[in-house]
Amino acid sequence: MLPVVEPPPRDPYAAPKIDAAVAARWLVAFLRDECIGRRGIKNAVIGLSGGVDSAVTAYLCARALGPQNVHLIRMPYRLSSPASLQDAQLVIDALGAAGHTVDISAAVDGYLQYEPDADPRRRGNVLARTRMLVLFDQSAKFAALPIGTGNKTERLLGYFTWHADDTPPINPLGDLLKTQVWELARYLGVPAPIIEKAPSADLEANQTDEGDLGIRYPRADAILSSMLLGYRDEQLVARGFDAGEVTLVRGRVDGTHWKRHLPTTAMLTNTAINEFYLRPVDY
Amino acid sequence: MQSDSQVAPARIALVQSKPRKGAYVENLAALRAVFAQLAALDAPPQLLVLPEAALTGYFLEGAVYESARSAERFGHELSSLWRDVAGQRPVEIVAGFYEVDNGSYYNSAIWLALDERETRILHVHRKLFLPTYGVFDEERFLSRGNRVQVFDSPLLGATTLLICEDVWHSIVPTIAALKGARSIVVPSAAPGRGIDGEGELVSVARWRELLRGIATEHGFFVLYAGLAGFEGGKGMTGSSCAIGPDGTMLVQADADDACIVRAELFLDDVEIARANLPLLGDLRAVLPDLLSDEELPWLRGRGDASGC
């Protein structure tokens with residue numbers, strides 16, 4: 001009998017690979033180029049939620065611009081988890097960056113008092129858009145550029161508030177899946193409690209991302225990695241992915257396609273912006 | 001052409017054989033045991049690929065003439081062996097052998113398709129590039145093949161069969177790709193050399209880089225079956241492997257022992273790979289201009305009435 005060499009067990013849910021050192025070096029160069037090189041802005045403001053995405057963004061900005069030029073803005077609402085505030089403080093302390101706290105409760109409640117019947121989803125969106133408003137104003141205050149913190153998984157699944165989380169003009173993490181952000185966080189030395197806790201938008205009590213999405217991040221990331229290469233659903237299932245999860249992920253990606261684009265503009269002339277009048281963003 | 005709905009993987013096995021030099025009958029008997037082992041698997045392979053000179057060993061020199069067979073005879077011997085141990089179970093078998101045809105001798109590989117009713121020789125490839133330098137002396141004893149052909153394998157679809165040095169000339173797999181191949185299968189016998197590498201012989205690393213590069217450039221599967229064992233001090237480097245159309249090494253054997261290498265191929269990965277890296281499509285568009293370049297040696301001076 002000859003020995004049989006088998007291929008490594010095929011694990012469709014294997015974590016997407018990332019060389020965190022390479023990614024970090026590349027993203028630091030990106031931040032320097034976009035902030036200083038292209039715009040001549042030496043400061044950054046980041047909405048610091050206490051979660052891993054904004055923590056990683058803060059660490060990258062500190063490397064790129066120096067911690068003294070990074071303003072980390074905590075924006076708690078009166079019902080936000082106190083733990084989020086504490087975790088954010090861990091980042092501020094570790095980096096030695098400037099930490100600021102802007103309580104958005106009065107602003108949010110000032111509006112919501114006129115909308116007492118707003119459901120949790122609407123209230124969550126009001127929180128997110130209020131934070132966007134504060135972040136941009138703080139950027140003007142500090143002559144700083146707002147830096148986005150959204151990761152690729154939430155962008156693909158449409159798990160963000162349109163014209164809120166996605167508004168900063170540059171985003172270093174937007175092409176990294178959540179599991180890759182975790183890897184990058186470990187490499188950068190982000191405090192363990194931030195990496196290990198269940199991700200949450202903290203817009204509602206006891207909310208978790210994975211509870212909202214109906215799928216664990218590692219499983220969603222593995223499906224997305226293959227799906228984005230062009231595999232059809234039946235091909236993904238043939239490769240060992242769970243059919244129900246594939247349908248769930250496909251549905252979220254297809255159903256939120258519009259959220260990853262600028263507003264749809266009616267074309268009326270042959271000089272329509274972004275249709276006929278085409279210029280790269282850095283032109 | 002694979003249908004859009006084909007999603008089940010193709011099961012293949014690379015038989016990294018270690019034949020005793022020139023002992024064809026003995027090696028054929030050993031192959032019977034291998035076939036029996038493969039046929040008894042829960043999910044037997046649908047394609048078996050054996051190395052170059054799989055049943056004779058590679059360095060035969062003048063003994064090529066004693067070991068060579070016609071393609072028909074070799075095909076019959078292989079198919080009979082499979083039928084003996086596996087009955088009518090369908091299979092495709094690829095194997096390298098020294099071929100004699102009407103007094104000419106070739107380093108060839110055969111592709112057989114066995115179904116319930118019949119055995120067909122789908123293709124015989126005669127090695128194009130006969131290494132005749134350094135340790136090699138093929139052209140002294142053998143004639144060259146002269147064609148790169150693409151044919152339909154029931155399992156793999158449009159396929160090309162090449163032997164060893166054939167794939168070191170990048171034009172050869174390029175022609176195969178342009179003619180529509182979705183996979184290339186490479187029986188080989190590669191004597192190892194180079195001890196200044198990292199963790200493996202330099203020639204083994206070079207082969208792997210070469211094969212992965214071919215797969216990536218053209219977006220097709222590469223199945224490589226390497227001969228193993230020492231032949232008069234020259235160690236064949238095995239390293240049989242299956243590579244996906246995006247260059248991913250799906251499985252690879254060690255260099256030095258006989259073994260069976262199994263893999264499952266999702267054949268529709270070809271479309272994905274070519275969509276994500278459409279180099280082949282780009283080549284189709286530009287190649288006519290490149291080949292009509294009058295600075296190419298065979299076009300230079302065309303139309304010049306002078307000559308020798």
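This is a predicted model: local features need pLDDT of at least 70, side-chain atom pairs count only at pLDDT 80 or more; totals for chains, interfaces and linings use all residues.
## Helix pairs, a sheet and a ring contact

The crossing of helices α4(A) and α5(A) is right-handed. Helix α4 covers residues 105-112 of chain A and helix α5 covers residues 120-141 of chain A; they pack at an angle of about 135°, with their axes 10 Å apart. Angles over 145 degrees would count as roughly antiparallel and those from 65 to 115 as roughly perpendicular, and α4(A) and α5(A) are therefore oblique to each other. To find the contact on your screen, look on α4(A) for Ala107(A), Val108(A), Tyr111(A) and Leu112(A), which meet Arg123(A), Val126(A), Leu127(A) and Thr130(A) of α5(A). Sorted by class, that contact has six nonpolar residues, one polar and one charged.

Now move to chain B for another helix pair. Here α1 (residues 24-39) and α3 (residues 71-86) of chain B pack with their axes 9 Å apart, at an angle of about 40°. That angle makes α1(B) oblique to α3(B). In passing α3(B), α1(B) makes a right-handed crossing. The residues that α1(B) brings to the contact include Leu28(B), Leu31(B), Arg32(B) and Phe35(B), while those from α3(B) include Phe74(B), Leu78(B), Leu81(B) and Trp82(B). By class, this contact of α1(B) with α3(B) has 12 nonpolar residues and three charged ones, with no polar residues.

Chain B also holds an open sheet of six strands, in the order β6-β7-β8-β9-β12-β13 and with mixed pairing. At its edges are β6 (150-153) and β13 (249-252) of chain B, each of which pairs on one side only. From one strand to the next, the twist averages 20°. Helix α6 (residues 202-218) of chain B packs on this sheet and touches β8 (183-188), β9, β12 and β13 of chain B; the direction of α6 makes about 155° with that of β9(B). Within the sheet, β9 (residues 221-226) and β12 (residues 241-243) of chain B pair in the antiparallel sense over three bridges.

Finally, have a look at the aromatic rings. Over all chains, the count comes to 15 aromatic pairs. In one of them, the rings of Tyr13(A) and Phe241(A) have centres 5.1 Å apart and planes at 80°, so the pair is edge-to-face. This pair links distant parts of the chain, 228 residues apart: Tyr13(A) sits in the loop between β1 (4-5) and α1 (20-38) of chain A, and Phe241(A) in the loop between α11 (233-238) and α12 (243-255) of chain A.

Key
Residues are numbered from 1 along each chain as its sequence is written. Chains are lettered from A and ligands numbered from 1 in the order in which they are written. Side-chain values use heavy atoms; hydrogens and water are left out. Two strands pair if DSSP finds at least two bridges between them. Helices (H or I, at least four residues) and strands (E, at least two) are DSSP runs, numbered from the N terminus. Axes are lines fitted to C-alpha atoms, for helices over the stretch in contact, and angles run from 0 to 180 degrees between N-to-C directions. Contact means heavy atoms within 4.5 Å. Angles under 35 degrees count as roughly parallel, over 145 as roughly antiparallel, 65 to 115 as roughly perpendicular and the rest as oblique. A crossing is left-handed if the near helix is turned anticlockwise from the far one by less than a right angle, and right-handed if clockwise. Ala, Val, Leu, Ile, Met, Phe, Trp, Tyr, Cys and Pro count as nonpolar, Asp, Glu, Lys and Arg as charged, and the others, Gly among them, as polar. Rings of Phe, Tyr and Trp (its six-membered ring) pair if their centres lie within 6.5 Å; planes under 30 degrees apart count as stacked, over 60 as edge-to-face and the rest as tilted.
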